[in-house]
Amino acid sequence: MRLPRAHRLCAPSLRPLLAKELAEIVSGRALWTMLLLACPLVGFSFVQAVALYSEASAAALQSPVLATSLSPLDGILVPTFGAFYLAVTLLFPFVAIRALGQEKETGALRLLVQLPYRSSTLIIAKLAAVLAAWALVSIPALSTLAIWAVLGGHLALSETLNLLLGHLLYGLLVGAIALLAATISDNSATAAIIALAVTIGSWVLDFTFAGRSGLSAWFAQLSLTQTLRSFEQGLFSAGLVLGIMAVVCGLAAVASVWLPPGIVPRIKLVRSALCVLVTVVAIVIASQIREAVDVTEDQRNSFLPADQRLLATLRLPLAVTVNLAPEDPRYVDLQRNVLAKLERAMPNVSVVFAGGRRDVARKSPDDAYGTIEYVYGNRSDVSRSTSPREILPLLYALASTQPPASAAGAEYPGYPLVASAEATWLWFLGGLPVLIVLGWSWTRRPPRIPASFVEGGPP
Amino acid sequence: MMADICARDAIPAQALRVANLTKRYGHELAISDVTFSLVPGEVLGIVGPNGAGKTTLLETLAGLLAADSGAVFWRGKQLPPQCRRDALFYLPDGVKPYQDRFAAEVVSFFGSVYNRSAAEIAARIAAVGLAPVLGKRVRALSKGYNRRLLIAIGLLTPQDVLLMDEPFDGFDLRQTRHIVEVIRNEAAKGRSFMLAIHQLADAERVCDRFILLAGGQVRAIGTLDELRAQTSRRGASLEELFLALT
């Protein structure tokens, strides 16, 4: 009846573990409750977004110039998925915590850790289940893409996929935080408090330190919401993706350190510190990767293609000294319209931030405030402009290069659409919730029990 | 049973040896210098009143609690806590594993982790009489059937030593006798058992030897006859011996 020893030492199959984790998370009510709550939340955002987009489109249909500013990414996808982001931030921790919390509370964890799996394997399996749960809870948001297409709306594949990737990574990050919280907490309630303190604390960071400089700006960058910004702007940043993955792996590693009982806290703390150290190193390395691809259809994060090509040939270092306070709207314009694009287009750009807070109490104004100095090679020039139309010629002059001929390329046409999404309430408040309830009851159906299992009756 | 015990006494190799195991909770001593051994096929009972340290001893042995001092040896070699699951499997008391899943799914999960065939899983289900509740969710199981589920899980594990905390809790006399028979059958195949039992009559039914634990300290170790000899009480029951020794 017992297995031979050699047989026992074989590596156990991951399949039953993954199936168990998936079944556990799907059988919980938290997942289905979140799905039901996401329906009206996402639905409301979508209907509102379509209404606003239609209003803007009505005017744009008369004017092609106005139409160019109508992008479904900004008008529909970002606000609709913004509601999904809200649901993930506030509700998804409860779903993810269940992956471990119930095992802790019922004592099943004491059986689980005795199975022939490494702690890291157990955590990875749970993270995989959390990922599957994220895929399920994203159904309402994903359904808006189909509805938008049915309404006749335009979807650019690359920017849509990029946005989905951003939300996937954000969901994974929230799931990993929740899993770690569940690992270090005695019960699910404490874990939820810890996880929400981190996710909602991110908002506090955002609000408190928005537009600040120095250490405050560094703190603001720790906010989880920062992870989505780049994807919402249509940038695929390899460094950001690697950085998020490093944090997820770091959280999973610390969770696997704290999962097994029977190890004294001192050893767990030392191992956790090592994990944190490795994660920080990985984040620093990832932050050095500055490659970012502009995946937007309107190439909003790039100069015109001819300028991009010419700027890429300017090999000497370009030093930009900005005399603006970070909260100054001109700096925000400059950063978005010029500096971010330059950093992506030119091989060697350094930006020095010379503008501190402007002292409004000073009677004599600082003449240098508002100037931006560009030094290319041994030549320099100063400008107050934040527009690429003035700065690019300045740079070409510094580099003694002729500006590229303005090519009459295919301009972004914009995608105005006048439509009403009111009818989709039937889907978000009727069809989809019914499907969710049916899905929930399907997961609760009794399993098919092999005949051999039931043949043996009670003694 | 005596013949069985004698037969097992002839097995010289110690499967498990525990030396000076000590565990404190803060300043409170939960178990102190516990030393004993276990031979293959033996059923060892840990008996003692509530708070004697039975569960702490089992959890420390299984590596689920960090010991303050002491060592565990498996076939002569020290077995560090992280390797205990290679030789020992512990079934805790009061666990309702995966409450929202069906009993059949839970048994199948543990069986498939250890690559057990459907026939092997069915054999364990039949052995403990779990079949009538396979289609029920674990949260809906009675205390007795939940205990059967745990025992079925334990029987599916391949470890040489099975540690069980209060394995008969929730069973009536007839069911207890049946599970005793199941354990004895497994032990006859060479598997060792350590059972923490506070019902002394149950312990007397199933165990070959006893560790009498009180206040975290071992008060006596031996077979029933050896304990009788220690106390000079011929024909005394385990209950009487326990009262005399603790």
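This is a predicted model: local features need pLDDT of at least 70, side-chain atom pairs count only at pLDDT 80 or more; totals for chains, interfaces and linings use all residues.
**Chain A: domains and a helix pair**

Let's begin with the overall layout of chain A. Its domain 1 covers 12-294 + 422-443, and its domain 2 covers 305-398. Between the C-alpha centres of these two domains of chain A there are 36 Å.

Next, a look at one pair of helices. Two packed helices are described by the angle between their axes and the distance between the axes. For helix α6 (residues 92-106) of chain A and helix α8 (residues 119-137) of chain A, the angle is about 145° and the axes are 10 Å apart. The crossing of α6(A) and α8(A) is right-handed.

**Where chain B touches chain A**

Moving on to the contact between the chains, 42 residues come from chain B and 35 residues from chain A. On the side of chain B that touches chain A, the elements giving two or more residues are β6 (88-91), α3 (103-113) and α4 (118-128) of chain B. The largest share of that side, 7 residues, belongs to α4(B). By class, the residues of this side of chain B are 28 nonpolar, 7 polar and 7 charged.

**The sheet of chain B**

Chain B also holds an open sheet of 6 strands with mixed pairing, in the order β6-β7-β8-β3-β9-β10. At its edges are β6 and β10 (217-222) of chain B, each of which pairs on one side only. From one strand to the next, the twist averages 15°.

Strands of a sheet pair through backbone hydrogen bonds, either parallel or antiparallel. Which sense applies to strand β3 (residues 43-47) and strand β9 (residues 209-214) of chain B? These strands of chain B pair in the parallel sense, over 4 bridges. Within that pairing, Ile46(B) has Ile211(B) in β9(B) as its bridge partner.

Helices α8 and α9 of chain B lie across strands of this chain, as set out here.

| Helix of chain B | Lies across (chain B) | Angle |
|---|---|---|
| α8 (residues 224-231) | β9 and β10 | about 115° to β10(B) |
| α9 (residues 238-245) | β3, β9 and β10 | about 40° to β9(B) |

Terms used
Residues are numbered from 1 along each chain as its sequence is written. Chains are lettered from A and ligands numbered from 1 in the order in which they are written. Axes are lines fitted to C-alpha atoms, for helices over the stretch in contact, and angles run from 0 to 180 degrees between N-to-C directions. A crossing is left-handed if the near helix is turned anticlockwise from the far one by less than a right angle, and right-handed if clockwise. Two residues are in contact if their C-beta atoms, placed from the backbone, lie within 7 Å. Ala, Val, Leu, Ile, Met, Phe, Trp, Tyr, Cys and Pro count as nonpolar, Asp, Glu, Lys and Arg as charged, and the others, Gly among them, as polar. Two strands pair if DSSP finds at least two bridges between them. Domain bounds come from an automatic or database domain assignment.
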